[in-house]
Protein chains: 2
Amino acid sequence: MVATIKDIAKYTGLGLATISSYLNGGNVREENRKKIEAAIKELNFEVNEVARGLKTNKTKTIGVVIPELNINFCTEIITAMEDVLRNHGYATIVCDCRTNKELEKNAVDFLFRKRVDGIINMPVNSDGSHLSCFHKAKKPIVLIDRKINGIECDYVLVDNLTAAKNAIQRLIDNGHKRIGMVGGPEDVFTAQERMLGYKLALMEAGIVPEDRLIEHGDYTINGGARCLEKLVKNNRDMTAVFVANHEMTMGAVIGINELGVKIPEELSVIGFDNTEFARACKPKLTIVTQPKEEIGKNVAELILKRIAENKSEQEIEYKIIKLQTDIMEGNSIRNLKK
Amino acid sequence: MVATIKDIAKYTGLGLATISSYLNGGNVREENRKKIEAAIKELNFEVNEVARGLKTNKTKTIGVVIPELNINFCTEIITAMEDVLRNHGYATIVCDCRTNKELEKNAVDFLFRKRVDGIINMPVNSDGSHLSCFHKAKKPIVLIDRKINGIECDYVLVDNLTAAKNAIQRLIDNGHKRIGMVGGPEDVFTAQERMLGYKLALMEAGIVPEDRLIEHGDYTINGGARCLEKLVKNNRDMTAVFVANHEMTMGAVIGINELGVKIPEELSVIGFDNTEFARACKPKLTIVTQPKEEIGKNVAELILKRIAENKSEQEIEYKIIKLQTDIMEGNSIRNLKK
DNA sequence: ATGAAAGCGCTAACAC
DNA sequence: GTGTTAGCGCTTTCAT
């Protein structure tokens with residue numbers, strides 16, 4: 001039903017090796033090249049990558065495991081990453097594990113059985129045990145966004161601590177002192193870093209961080225709304241709030257609108273990483289932006305490099321790339337000094 | 001480096017068939033079962049799906065080709081779809097073709113070479129020629145969201161005509177007569193349907209559709225903003241506007257905010273399919289919602305059914321599933337009758 | 001430059 | 001229930 005190189009060997013009267021050579025860019029006599037091309041067209045031949053993969057022990061495929069496909073941070077990175085990988089002849093299998101450790105392990109195992117040439121993961125499980133099969137097989141692993149202790153591999157991270165510090169500093173520069181924080185889950189690496197940045201910035205400005213000004217959300221829209229409402233209700237004196245991720249930024253704005261609080265007159269807001277929403281907000285939101293495209297590119301280049309290397313011994317010097325964030329200006333911060 | 005069934009045959013002293021039988025749920029003597037399981041653990045064995053796929057001519061993998069990974073409509077559908085497929089032992093390879101016909105063809109060919117068992121596509125190319133390899137190989141094709149003439153396969157569509165009609169009807173019920181439309185690209189199936197719904201609803205209410213009230217955007221945020229600004233500037237008498245997709249809804253709100261127009265006092269708005277943004281808007285947006293989860297589930301079930309069938313002759317009765325939309329109530333429509 | 005033949009890791013007859 | 005063997009479609013020596 002589907003043509004194989006045998007079929008086109010028969011059709012052209014040539015041997016298998018010649019066809020294979022042609023398919024892999026080898027030298028073939030002009031005359032035979034034409035014959036082969038005619039046969040390929042006639043028989044609708046397309047290389048069977050499954051067979052090729054079995055033989056070469058390379059699938060030219062990279063596995064990607066992320067917590068959620070619906071997170072813009074993930075899709076932006078994947079899009080940028082795929083662009084680079086595709087241009088190098090690599091495809092990706094993306095698995096969304098629904099922020100579930102068990103599904104994450106399943107996804108990694110699945111990708112291993114599919115014999116992908118390397119794996120890219122924004123890890124949910126923070127002990128890294130789910131990656132052991134790739135580790136044992138000495139297949140490249142590149143981790144995104146979240147540092148894991150005890151697993152040797154490459155990383156592409158964001159400097160979340162500085163990101164949060166800069167955000168808080170911006171509020172302090174505008175005269176704010178009672179600054180709330182809608183933070184993420186306490187066990188998530190990025191959330192910890194952002195929280196630390198928040199506290200450090202306050203302390204360096206001589207302000208003592210207070211628990212009452214801190215809420216821990218779950219990085220979801222609804223969580224963000226809930227946290228913000230609590231924060232506003234419990235802290236009449238709070239003049240500004242920092243929201244520490246994309247989804248919660250949206251949620252916080254929902255909460256603010258539902259409470260009828262005015263931005264920035266009654267509450268100044270600095271959000272995280274949700275640039276399109278920030279632009280559509282009224283007033284426009286000031287926001288911390290992450291270099292998603294750069295992350296994607298770095299991840300792709302890193303894994304391609306590892307695959308190309310003679311994957312030698314433990315001689316590999318693993319890289320930790322840490323990228324900086326930026327702030328996109330909006331009108332959601334009131335200047336209390338004026 | 002990586003264990004094969006040969007290794008575990010040697011390790012256990014059993015034959016290959018026994019191991020294979022065990023792996024595929026066959027009957028194995030209790031005693032041997034234990035031996036095999038011990039060996040698998042000891043040697044970190046994981047089935048090589050590449051080899052299995054070559055042998056069985058089934059990869060238990062479905063290809064998915066979508067225009068953009070960053071479109072929430074796509075990711076929601078994929079997430080729902082994957083859930084069903086995963087539960088049936090199928091994995092997915094998702095390819096994002098950047099709304100580019102050439103890349104779309106490349107993606108489909110790539111998936112064919114990978115010998116996926118079926119393909120799901122939200123097509124960019126409206127002549128369907130990119131799917132011919134699957135068609136010729138009699139591998140199942142399920143198309144989403146956009147109808148293509150001249151390709152025989154299953155479809156899961158949304159009733160966009162009724163969706164748009166209902167949206168316009170809602171505005172008419174509230175006393176609006178000069179209703180603008182931010183439509184999509186003229187060559188996109190869903191955009192055509194929504195435009196038709198808009199015109200039909202107006203005509204049924206005795207209102208003559210006017211070109212000056214119609215702008216064609218490109219389904220992007222910036223396009224939506226641009227269209228809305230044109231519409232407002234050219235039509236001082238326009239009291240309401242219908243925005244016909246997710247991204248442009250966000251863009252339209254950006255445009256409205258930048259012009260300083262008040263919703264709904266100066267302009268009533270009904271958007272499309274962007275429920276989370278609608279909630280975060282001020283005021284809350286009234287919006288047409290698409291049953292994304294249901295689409296995903298239907299797509300998955302349909303392709304699984306086709307794969308399971310004895311993929312007989314042209315005896316297949318292709319299905320066209322058409323799902324209905326809903327309206328999520330907000331506060332962005334002014335009642336002119338009061 | 002081309003052909004013959006072996007083999008990648010697995011499944012599926014088939015025989016026992 | 002288990003072992004033996006052939007073969008899926010390709011690449012890759014090795015001759016020629």
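A disulfide is taken here as a pair of cysteine sulfur atoms within 2.5 Å. Good morning, colleagues. This is a predicted model, in which local features need pLDDT of at least 70 and side-chain atom pairs count only at pLDDT 80 or more, while totals for chains, interfaces and linings use all residues. Residues are numbered from 1 along each chain as its sequence is written, chains are lettered from A and ligands numbered from 1 in the order in which they are written, and side-chain values use heavy atoms, with hydrogens and water left out.

Cys95(B) takes part in none, and the nearest cysteine sulfur, that of Cys97(B), lies 8.9 Å away. Cys95(B) is also buried, at a relative accessible area of 8%; buried means under 20%, exposed over 50%, and partly exposed in between, with a 1.4 Å probe and protein chains only.

I turn now to chain A. Lys262(A) sits in the loop between helix H11 (246-259) and strand E9 (268-272); helices (H or I, at least four residues) and strands (E, at least two) are DSSP runs, numbered from the N terminus. Lys262(A) is partly exposed, with a relative accessible area of 46%.

Asn70(A) lies in the loop between strand E1 (61-66) and helix H5 (72-87), and at 32% relative accessibility Asn70(A) is partly exposed.
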